[in-house]
Amino acid sequence: MMFDDLRDLYQEVILDHGRRPRNFRRLENATHTARGDNPLCGDRMELFLAVEEGGRIADAAFEGRGCAISMASASLMTEVLRGLTAEQARRMSDAFRTMAMTGSCPACEGDIADGMERLSPLAGVHEYPSRVKCATLAWHTLNAALENSGREASSE
Amino acid sequence: MVEAAGVTDSLPAPALDVERIRADFPILSTSHRGRPLVFLDSGASAQKPRQVIRAMSRMMEEAYANVHRGAYHLSECATAAYEAARAACARFLNAPRAEDIVFTANSTMAINLVAHSFGRGMLRPGQAVVVSEMEHHANLVPWQMLRDAHGVELRICRITDAGELDLDHLRDLLADGRVGLVAVTHMSNVLGTVTPAGAIARLAHEAGARVLFDGSQAAVHRRVDVQAIDADFYCFTGHKLYGPTGIGVLYARSELLAAMPPFLGGGDMIASVTLERATWADPPAKFEAGTPPIIEAVGLHAAIDYVESIGMAAIEAHEHGLVQHALAVLPRVPGLTLYGRARDRGGVFAFALEGVHAHDLATLLDRAGIAVRAGRHCAEPLHARLGAEAGTCRASFGLYTRAAEIDYLAEALHSARRFFG
């Protein structure tokens, strides 16, 4: 097979989430939403969060189009966000972007360690600088949603 | 009809020795990600032969000084080399005079120059500019900016489903006589479509409009004769013609260059300056403010000598063979959509593979050593027209492309489909 050595980037979990993204729907009871757009490559997504009064993320979902990396990143993100506080989600977003850019994750400890472990298959993207923005689009969109500023996020 | 596309070579082309040509391009024998390089992104920027690299090195080692200034031998040599490059560009396009050639930084700057100097200086508010649906952003955004700043109307000429310019629609757009300029590509950077430049110019002129051709892709692949196609403006860029980055070429009719106000102000473009005002130098100096791309001009001259030593007819014949080969091989890949079915087309193929996003596909192909471009290729409106908003991959050929590389691309596309299947 011509591409066997690409399994570091396209691990089975990424191919799976890329093909069949989880939580791929609109959230009718969303309290926070944001759109993300990578105009250069045409990837776009809309993120929905249902944040409880106590500040905990009860549900997360998204719709959009993009490559396997961006779809898998958004899909995994909606899974790991559930149950986190907004503050934890922001820290996870910072940690994820560090991981995507450097391949390592010094902040991936403590209360976000489990979630970061689930996201670790995406760390391989750091070897492909032109693809990092694919992995981080969902997380830029998350930050915009948490600010709820209505601005469009972009990872360009 | 070949003449209408601006092609004048009609003699049978001598065969082109691809392997000998490849030996001139040092980068083609390198490996990337552990695989021999299969470079199919010449439409974005072409690789450079030793002849260009050496000419630029030699200029810097032996003959470099600023131009048009020093009253010393070295500066006179540099000025002669710079002006010889201008003359070579004029010959390359069959422009009537070397002074009809303005050096810019690239095609984008050439079109911006026309939008600024001709657009603001010679078009009146209320007149219209026509572009097509398949323009590179470089030949769309400057006209949007002119519309917003100067009050001209921007009209968009449709393309057909085959990806050809809809000449009937162009006639309609020209009918009210208000169009001052038709600015269209001579060859699409996405669809490969070669537009019938001669016919477009005739329609434009009959309606009292000037015509500009973006020749960024076309000038690389075919002999262009600006007099035969009756172009008012024609531009191309050095780096796609196996020359360096940082230099582009604008041809314009003498009387237009004489009438147009300058673009950028500064040194070299003036006749005299007082603290209050300046008067302009004659064209082309009027449009070349500041120290120009001297080394790049020498490199472009070497690139033109290089392609002319091979022969534009031979290059066109070779690339025609590659196009026919690609049209035979690529459609056999299951799930592959090829965009563009123009009758007259060059070696640029945008495609999508069912179930695989363009960026994932480009990463896979990269791992196989194949360099292609992914995205919307600076042509977002065209991708919307094609229903390919998510982008496409694009393979584009050069004079050094081998038919076997197209076979290898097809094989990699088969593998990519299995990988994501």
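These are my notebook entries on a predicted model, starting with chain A and ending with the contact between chains A and B.

**Ground rules**

I number residues from 1 along each chain as its sequence is written, and I letter chains from A and number ligands from 1 in the order in which they are written. Since I am reading a predicted model, local features need pLDDT of at least 70 and side-chain atom pairs count only at pLDDT 80 or more, while totals for chains, interfaces and linings use all residues.

**Chain A as a whole**

I looked up the secondary structure and found five helices and three strands in chain A, where helices (H or I, at least four residues) and strands (E, at least two) are DSSP runs, numbered from the N terminus. Along the sequence of chain A they follow the pattern α-β-β-β-α-α-α-α. The radius of gyration of chain A, taken over C-alpha atoms, is 14 Å, close to the 15 Å of the globule rule for 156 residues, so chain A is as compact as a globular protein of that length; the rule itself is 2.2 Å times the number of residues to the power 0.38. I noted a span of about 50 × 35 × 25 Å for the C-alpha trace of chain A along its principal axes.

I then checked burial: 47% of the 156 residues of chain A count as buried. A residue is buried if 20 or more other C-beta atoms lie within 10 Å of its own, exposed if 12 or fewer, and partly exposed in between, with C-beta atoms placed from the backbone.

**The sheet of chain A**

I traced an open sheet of three strands in chain A, with the order β1-β2-β3 and antiparallel pairing; two strands pair if DSSP finds at least two bridges between them. β1 (32-38) and β3 of chain A stand at the edges with a single partner strand each, so one side of each is left without a neighbour in the sheet. From one strand to the next the twist averages 15°. Between β2 (residues 43-51) of chain A and β3(A) I found eight bridges, and Val51(A) has Ile57(A) in β3(A) as its bridge partner. Helix α5 (residues 132-147) of chain A lies across β1 and β2 of chain A, running at about 150° to β1(A); such axes are lines fitted to C-alpha atoms, for helices over the stretch in contact, and angles run from 0 to 180 degrees between N-to-C directions.

I also looked at Glu63(A), which sits in strand β3 (residues 57-65) of chain A. Glu63(A) is partly exposed, with 17 other C-beta atoms within 10 Å. Leaving out residues up to four places away in sequence, Glu63(A) touches Phe24(A), Arg25(A), Arg26(A), Met45(A) and Glu46(A), where contact requires C-beta atoms, placed from the backbone, to lie within 7 Å.

**Chain B: domains and sheet**

I read chain B as domain 1 (3-50 + 311-420) and domain 2 (52-308), with bounds from an automatic or database domain assignment. Their centres, taken over C-alpha atoms, are separated by 26 Å, and 38 residues of domain 1 of chain B are in contact with 39 residues of domain 2 of chain B. On the domain 1 side, α12(B) gives the most, with five residues.

Next I followed an open sheet of seven strands in chain B, with the order β4-β10-β9-β8-β7-β5-β6 and mixed pairing. Its edge strands are β4 (101-104) and β6 (153-157) of chain B, each pairing on one side only. Five of the five residues of strand β9 (residues 233-237) of chain B are buried, so β9(B) is largely enclosed by the rest of the structure. β9(B) pairs in the parallel sense with β8(B) over three bridges, and in the antiparallel sense with strand β10 (residues 248-252) of chain B over five bridges.

**Where the chains meet**

The side of chain A that touches chain B has 12 nonpolar, two polar and three charged residues; Ala, Val, Leu, Ile, Met, Phe, Trp, Tyr, Cys and Pro count as nonpolar, Asp, Glu, Lys and Arg as charged, and the others, Gly among them, as polar.

Definitions and conventions. Contact = placed C-beta atoms within 7 Å.
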